[in-house]
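Please look over the sequence and the model below.

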Amino acid sequence: MIEGRTGPWETVIGLEVHAQVISKAKLFSGAATDFGAEPNTQVSPVDAAFPGMLPVINRFCVEQAVKTGLGLNAKIELESVFERKNYFYPDLPAGYQISQYQQPVVGRGKVALDMPDGTTREIGITRLHLEQDAGKSLHDQHPTLSYVDLNRAGVALMEIVSEPDLRSAEEARIYLRKLRSILRYLGTCDGNMEEGSLRCDCNVSVRRPGHPYGIRCEIKNLNSVRFVMQAIEYEARRQIELLEEGGVIDQQTRLFDSARGITRPMRSKEEAHDYRYFPDPDLLPLVLDPEWVERLRAELPELPDAKKVRFVSTYGLSSDDASVLVAEKETALFFERAAGHDPKAAANWVMGDLFGALNRLGVGIDESPVSAEQLGALIDLIADGTISGRLGKDVFAEMVATGTDPAAIIEAKGLRQVTDEGAIAAAIDTVLAAQAEKVAEYHAGRDKLYGFFVGQVMRATQGKANPALVNQLLKEKLSGK
Amino acid sequence: MSDGSLLALTLAQARDGLVRKSFSAREFALAYNDAVEEAKVLNAYITPTPERALEMAKATDARLARGEGLPLDGIPIAVKDLYCTKGVLTTAASHILDGFHPPYESTVTSKLWQAGAVMLGKTNLDEFAMGSSNTTSWYGPVENPWHRQIGSPKGDNRPLVPGGSSGGSATAVAARAALAATGTDTGGSIRQPASFCGIVGMKPTYGRCSRWGVVAYASSLDHPGPMVRTVRDAAIMLRAMAGHDPKDSTSAPVPVPNFEAALTGDIRGLRVGIPKEYRVDGMPAEIETLWRQGAEWLRSAGAEVVDISLPMTKYALPAYYIIAPAEASSNLARYDGVRFGLRVERGTLDEMYEVTRAAGFGAEVRRRVLIGTYVLSAGYYDAYYLKAQRVRTLIMRDFAKAFEQVDCILTPTAPSAAFAIGEKTEDPVAMYLNDVFTVPANLAGLPAISIPAGLSGEGLPLGLQISGRAFDEETVLRVAEVLERAAEFRHVPSFVAGDRG
Amino acid sequence: MPLDKAAVARIAALARIRLGEAELEPLAEELSRILSWMEQLNEVDTSEVPPMASAVATSLPMRNDEVTDRTRREDILGNAARTTQGFFVVPKVLE
């Protein structure tokens, strides 16, 4: 709820996400889809809309869309239709985009969001449809010319439309993160907003709580979650100010100006687009075999929600920890391979030291210098007392730096924990003898010196003394042998 | 063999002649190259390709020498300039495709070259296949090689239209400046010019021939097909042109029968339908007479002639003139000056689009693009486009019902003989009425053929049309050949190549 | 449904075809005539009739996910009136 000058306002947000489908070839042509190729080297005459060219649909792209629909708990429409969306733009060579309008391949679904306060919010999905991506226009290469690269023209996109169920920028962030996670789990989209494989348009309106929906504006050109949030916040405030001054919201498409953090109307003359949708006569209706759909459903990987439930029940993890670990499929996989004997320890190591190291190195978990097996081995070595937990962190740091197995590092550096009572007792004796004044102060009541003595013993043993034994023996000796 | 008599051979005869080595493919190609040159006055060709013809003929002769002849080896064929031919100028008879050299070859022409045929050149047509007279081409009108008989009511030497849109192909074949030609038929564009020029033209079932590489006009209505001198020639050529193409999603996944084998000459017991709604107001009596004569010929050959009703007939034309322009308005959006063809630099991007397209499209194309844009636009889609598609369903049902009673349908091909160039241009609707008998088969996707059956009072050819069930070209061809034999149409146009002196 | 000059201008803008001021009126008349000729379709009762999906009665054929097209850039750019450094070129678009 946003507190305006004249009372509270509710922000209503719907997101339209365009997710580039992972596939080798394009949606309706046999050209490649690799990112970063030289301009116009991955273009079929079909993509470039040469005379006489015709579309033929890529079965795998359909499969990816259906899998995504299933992952969104959505209805799969066994019969859907491709329609032409007609408009002129240089990155749209045919002058129309092959899309789906009245009969999309996926209907209503839902996504569960894990909110920070521990609750779950359900966000409705209105639909998902397949469509062609456009090429890329570069407007900054020349003062009076735009350059057009059609490599991306014709790549398969899934347009995923949410119901206007989101109520804040934060919710939008969580929704996007969840959506991205599901897509990556399914392997249907890599969710990379920087590279443009995931793009987001935002519909924002405001209303008094309990009142009907207000007029919305669509904000385009959002290519990071941060910008999505900034745009939503700015736009909501803009609309509230306008309404509180007695104005009316102009239903329009706006662009987010990331440099200034504002939204502004598009400069090009915004006559209401008349896309003149009609079924593409070069294509027939897409008819799916229900058995094929069921087979895809059966082959779906375990998705984040189900995996989280299993992690909580099987490994006794907290709901929060499980959420963190299932957010990325690779993380969950890593965790499970390291969970072996002590899942809670594995969870802590992954979420703490490992994530820290990966962030520092700027790599993802699939490029981790430490393997799940190595981490598991380290956890075991700490659990069986070979090495102390504290030294374990040092060993871990060494593992990150060199990729060596923990056992080898421990041997090479002679870090084995000292559990020999005699050796520890001797070290304690040495320390207490050297700190006779402090021992006297301790006995006189300065209990805090206990920690100091522990520290001294650990130093004397290069950190290798078993902490439990140190405590036990130190207490004995201090209390009067 | 003299040039003249070489040129008079039908495809079937030439095929035999080449195999028997009565003449070489090179001689044949040379004779046709000369004919193409001679027929320049008719403006049937946009781009003759004489050198290529000779190169291809050379390959034919080599194959024939080895006894490895292909089905159409050495047959000189003209290609409607709507088919993309790799490396050869392809214009769709439009200024907006100036200089376009496709980097690919259409599936249908690929198949013809793979069958050994020889390319004479690209023929003229109505711009983007929109027209029934071949008077809208950027490259000028085509002249029908037929002239009205001097002494007949309008008998003068005015040049006549060959019909359209495949006017160049029809003229070339009729004038013997091609042995056969490819055409496309969206509303009658193969059959109507065939009728006007006294040749045989066939529109097969939708999806029988691939549309890949054929410049699209109206995707759900475009049909590539053969334009030839005899029904047998049509059967031979169609077999080479047809076949499932995985690059065309609307290509029918059905095998190609041996159409020639269907020409048994036996139509006893076959039921021929005569639809009463095709008896339109103002139809010239001579056409009605010829139609009745056709029915009589078929009856004599043992067929049963049945009166049928196709109640939706009169709505076919308006439905067509909504659906075709709608699809065309979208198909022609790609002509914007950016990737190929004419480009008029002007100010902003939209200005460049607008001025390029205004300069590049002719009046008829512009008319249809505007209508198409309108009938698809917000508020009008349901009333026009959707309505027309519903009517189209009714038209298909009409035919389905009729084909429960009959095996084929006999009608005239066109409501008149060829008219003079310039005679019918004021009113677009009047021009559209040329297609009244041909359009239904496009809407229903059914096979139909036109054969020359008689002459009008002015000495101009009149065609009769046989249409049939989907994928039953065999019956259509069989009946057409019987009709052809009965009609004994031996007339020759006033202009015929190789006929000098 | 008669078209007026404004309607023709609007359609021409949608279709990106420049029309001269003098052409608007005659075109409006001509197109109106054509459109009213088409209105005879309203005589037909189509209330229970589905629009025709396709003349071919099969479902959409699909292809395998393979890179089968490696058209060279020269062939994609070769027919363009203007290109530069591997790009198509158009007047700059303002957003």
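This is a predicted model: local features need pLDDT of at least 70, side-chain atom pairs count only at pLDDT 80 or more; totals for chains, interfaces and linings use all residues.

Residues are numbered from 1 along each chain as its sequence is written, chains are lettered from A and ligands numbered from 1 in the order in which they are written, and side-chain values use heavy atoms, with hydrogens and water left out.

Start with chains B and C. Their contact (heavy atoms within 4.5 Å) takes in 46 residues of chain C and 61 residues of chain B. The size of an interface is often given as the accessible area lost when the parts come together. Here chains C and B bury about 5000 Å², and 68% of it lies on carbon and sulfur atoms. Buried area is the accessible area (1.4 Å probe) that two parts lose on being put together, summed over both.

Charged pairs cross this interface. There are 6 salt bridges between chain C and chain B. A salt bridge is a side-chain nitrogen of Lys or Arg within 4 Å of a carboxyl oxygen of Asp or Glu. In one of them, C:Glu23 pairs with B:Arg366 at 2.7 Å, N to O. Which elements of chain C supply at least two residues each to the side that touches chain B? They are helix H1 (5-14), helix H2 (21-38) and strand E3 (87-91). Helices (H or I, at least four residues) and strands (E, at least two) are DSSP runs, numbered from the N terminus. H2(C) gives the most, with 9 residues.

Now turn to chains A and C. Here 54 residues of chain A contact 37 residues of chain C. The buried area is about 3900 Å², with 60% from carbon and sulfur atoms. The salt bridge count between chain A and chain C is 0. On the chain A side, strand E3 (57-58), helix H1 (59-71), strand E10 (145-149) and strand E17 (286-287) each give two or more residues. E10(A) has the largest share, 5 residues.

Next, look inside chain B. Helix H2 (residues 11-19) has the buried residues B:Leu11, B:Ala12, B:Ala14, B:Gly17 and B:Leu18. Buried means under 20% relative accessible area, exposed over 50%, partly exposed in between (1.4 Å probe, protein chains only). Their cover includes helix H3 (25-38), helix H4 (50-65), strand E4 (180-185) and helix H8 (231-241) of chain B. Just after H2(B), B:Lys21 takes a positive phi of about 60 degrees.

B:Arg15 forms a salt bridge with B:Glu260 at 2.8 Å, N to O. The pair links distant parts of the chain, 245 residues apart: B:Arg15 is in helix H2, and B:Glu260 is in the loop between H8 and strand E7 (271-275). B:Glu260 is buried at 19% relative accessibility, whereas B:Arg15 is partly exposed at 23%.

Chain C has a pair of its own. C:Glu21 bridges to C:Lys5, with the closest N and O atoms 3.1 Å apart. C:Glu21 is in helix H2 and C:Lys5 in helix H1, 16 residues apart. C:Glu21 is exposed at 56%; C:Lys5 is partly exposed at 33%.

Finally, the cysteines. The structure holds 0 disulfides over all chains. A disulfide is a pair of cysteine sulfur atoms within 2.5 Å. A:Cys200 is buried at 1% relative accessible area, and A:Cys202 is buried at 0%.
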